[in-house]
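Thanks for coming, everyone. Please put the model up on the screen. I'll talk through one interface and then some charged pairs.

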Amino acid sequence: MRRAPIAALLLLAAASIVWPMLVDNVFYQRVGALVLLAAISASAWNLIGGYAGQVSIGHAIFFGAGAYSSLLCFTDFGWPPIAGAPVGVAVSLLLAFLIGTPTFRLRGHYFSMATIAAAELVRILVTTIKPLGGGVGLMGPATPRSVADLSFRSPLPYYYIFLGVLAVLLGLTWAMERSRLGYYLRAVSGGERAAQSLGVGVLPTKLAALLLSAAFTAIAGSLYAVMVGFADPNSVLGILVSVKMVIMAALGGAGTLFGPLLGAVILVPLEEWTNDVFGGSGTGITYVIYGAIILLIARFQPGGLLAIWYRRQARRAA
Amino acid sequence: MILAQVVASGLLLGAVYALFSSGLTLIWGMMNVVNFAHGDFVMLAMYVAFFAWTLGHAGPAMSLPLAAIGLFGLGALVYFALIRHVMRGPMLAQILSTFGLALLLRYAAFWAFSANFVTLPGDLVGPTLDIGGLRLQSSRLLAGGVAILLTIGMHLMLTRTMLGSRMLAVAEDRSAATLVGIRPDRMQALAWGLGGASTGIAGALIALFYYISPTVGEALTLIAFVVVCLGGFGSVPGALLAGLLIGVTEALSAYWLGPVYQDVVVYGLFLVVLWVRPQGLLGTA
Amino acid sequence: MVEAPMLAARGVVQAFGRLRAVDGADLDVASGEIVGLIGPNGAGKSTFFNALAGDRIPTAGQICFEGRDITRLRPASHARLGIARTFQVPVTFEDMTVAENVLVGAFLRHPRRVDAARAAAEVLAFTGLDAFARAPARRLGTPGRKRLEIARALATAPRLLLLDEALAGLNPAEVQAAIGLLRRIHARGIALVIVEHIMEVILTLADRAVVFHQGRVIAAGPPREVVEDPGVVAAYLGRSLSRRRAG
């Protein structure tokens, strides 16, 4: 009975490995790489927003920390940008600790509000600090100096790097789901008072999820900086960066393993298409649609698309 | 004295902050729901005031009641169509529902009105007055005065009237309130309506001297959060005190550090308060 | 030689403003004992119970467990030290199955999933819930939920189990089944503190009954003696307690 999901999983893995080579079109390959990058961020958000039930709307702070750390290590020390990823992770862990520790003892709204405030705070600060690029931003290597710079013309290498990172993240998430932390997170979401009576430490449990989430979001930010070669406050620290992570995870299914990937697969190509048709996000129509989607999910199907799918499966089994 | 001027200006704006924030804290206290679209409600009210003037040549005497009624209706509508259904559910649904609404309102306005900001004539209410050496715009004075009166009024309504007791009873213990014949649903819809009205009046007041743009709701929502947390969960007097404090802090930061840093200070203060005194000024530990 | 009690509460006071819900209460629980807390509604027994469970820090007084001062410790620490509790209104994890609910409890003593699953399976069999292992907790009726709460608490391997009206809302047959379960738990050497309104439970199960009235303990001793105590009868407004539900 467990064989069906495993077969489907292997099929999915094989398809994702083979697909870009079959498609042989640079534009589609690039979209594929962007889908995977978005899936990494959304899956990282999912750890705290989906599994722990703590809704962050300021995750851009970690994404931006990753992107900026990578580019700063290049501009200040001449490192290959990817070498700055551990720095980004360290900064994100510190930020996560500072945001989570006071708010996880309080009602859930405090954490959400604090994430928005912290992300905005950092965004404005970075805009004013010249050594961080100010409002103009930072750039990566203009020409690649070695393979370590990870500066490729073709999107294919990026696609496979992102695929590898996503696989690691999802593997870790799967292991976590089945572990004590995974159950403790569900218990805390299910009823903090009851969880405490069973010896679950609410603060350490939530913090563990947030730290993991922040670390992987920072890695996603570094990968973004490596691929795009540029970062500025709006593109990596703006609220819309946070919103995209949330909507992808929520649409696909927050708290499920593949929900965020599903959300990314749907929304990234959709955004590319609407930008073409409606002339870019300058008109705001994209975000009207995002707002409507988020609202509808929240009102009618908080479990996202996968929840609808699982319910169908359960009904068939019954 | 420039400093006194800055402080006075900050107090007046802070009073308006207090007004719409007390609407937020009322909703939060009553049903443990935070309206992430609160600042965007204010934004809508600002546009109501703007169009009242540009289309109908109507000043605050018309735009205030108009915005109040309109946003009262919006608040109640949002409660019935949305909040009532997500209230008892998972936190994700609760938070995303009003956040999605915020995005929708904000970017629909952006699409309709474009990113440019507009303003109402500075002397719409009256000239800039000289009071005891301080030069204050009539619009700010009106806004601050009305805001303080209405915030105090809201507090009195909640604590001294029958209706207010009913609302507080629902906030305290929903099932017990039902037992004594109060209809929680009605009281909660009323809370949302009042919350909406507070944004309506505040928005129509701010529009008199502030810049009006579709994205102004983002910052205003954050200000409302800071005020509500600093004031204390569910406390209207707390919101009044905190609103005035934040208004002054903001004004002084802009004066001493520059306008870019005023938000940095306010948001930073918020995070410090969360670490040091999360229950706020008037909340219980 | 007198053995030190497992749980010792001295002079516990719980005040809410000027209202003293608990006004100086003492309680001793010996290892492996079953103690019943009874009293009219509003007498303070639930508030006292919550202080024992770590829900609220008492305004005054001291609570010691196995020689350690636990007065200011929070519920998670209580569980780690070996005190488990159930809730008056069951708070099972609705989105999890029965087995998963118990698994959460088992993880306290068994960090690895394999060991925790084994411990949880044992508890499920012991409490008779193994037939429902895969059922979502939200599908259970009240008796099932109450039983699940007990199972979940048992999975934390407590030495003291605090039960808050665990038998309220059960029909006579279910009450008998629950009493049977509590007996089996007691046979494992676990001490029980039971808050109950159903007198039959106290009379048949408890080694000692402790009566609360207006925030104080007014009588303590073997249940049969306590229910006939004139002061206790007066506290219940003149009604005889044996064989009848109080309140």
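A word on the source. This is a predicted model, where local features need pLDDT of at least 70, side-chain atom pairs count only at pLDDT 80 or more, and totals for chains, interfaces and linings use all residues. Residues are numbered from 1 along each chain as its sequence is written, chains are lettered from A in the order in which they are written, and side-chain values use heavy atoms, without hydrogens and water.

Back to chains A and B. In contact, meaning heavy atoms within 4.5 Å, are 45 residues of chain A and 42 residues of chain B. The two chains bury about 3,900 Å² between them, with 82% of it on carbon and sulfur atoms. Buried area is the accessible area (1.4 Å probe) that two parts lose on being put together, summed over both.

Which elements of chain A give two or more residues to the side that touches chain B? They are helices H2 (26-51), H4 (85-103), H5 (108-128), H11 (239-252) and H13 (285-300). Helices here are DSSP runs (H or I, at least four residues), strands are too (E, at least two), and both are numbered from the N terminus. H5(A) gives the most, with 14 residues.

Now the salt bridges elsewhere. Over all chains, the structure holds 21. Take B:Arg106 and B:Asp40: their closest N and O atoms are 2.9 Å apart. B:Arg106 lies in helix H4 (residues 91-113) of chain B and B:Asp40 in helix H2 (residues 38-56), so the pair ties together parts 66 residues apart in sequence.

Are these two buried or exposed? B:Arg106 is buried, at 3% relative accessible area. B:Asp40 is buried as well, at 0%. The cut-offs: buried is under 20% relative accessible area, exposed over 50%, partly exposed in between (1.4 Å probe, protein chains only).

Next, chain C. C:Arg216 and C:Asp23 meet in a salt bridge at 3.2 Å, N to O. C:Arg216 is in strand S10 (residues 216-221), C:Asp23 in strand S2, 193 residues apart. C:Arg216 is partly exposed, at 44%, whereas C:Asp23 is buried, at 19%.

Last item: a network of salt bridges links A:Arg193, C:Asp55 and C:Arg85.

Key. Salt bridge = Lys/Arg side-chain N within 4 Å of Asp/Glu carboxyl O.
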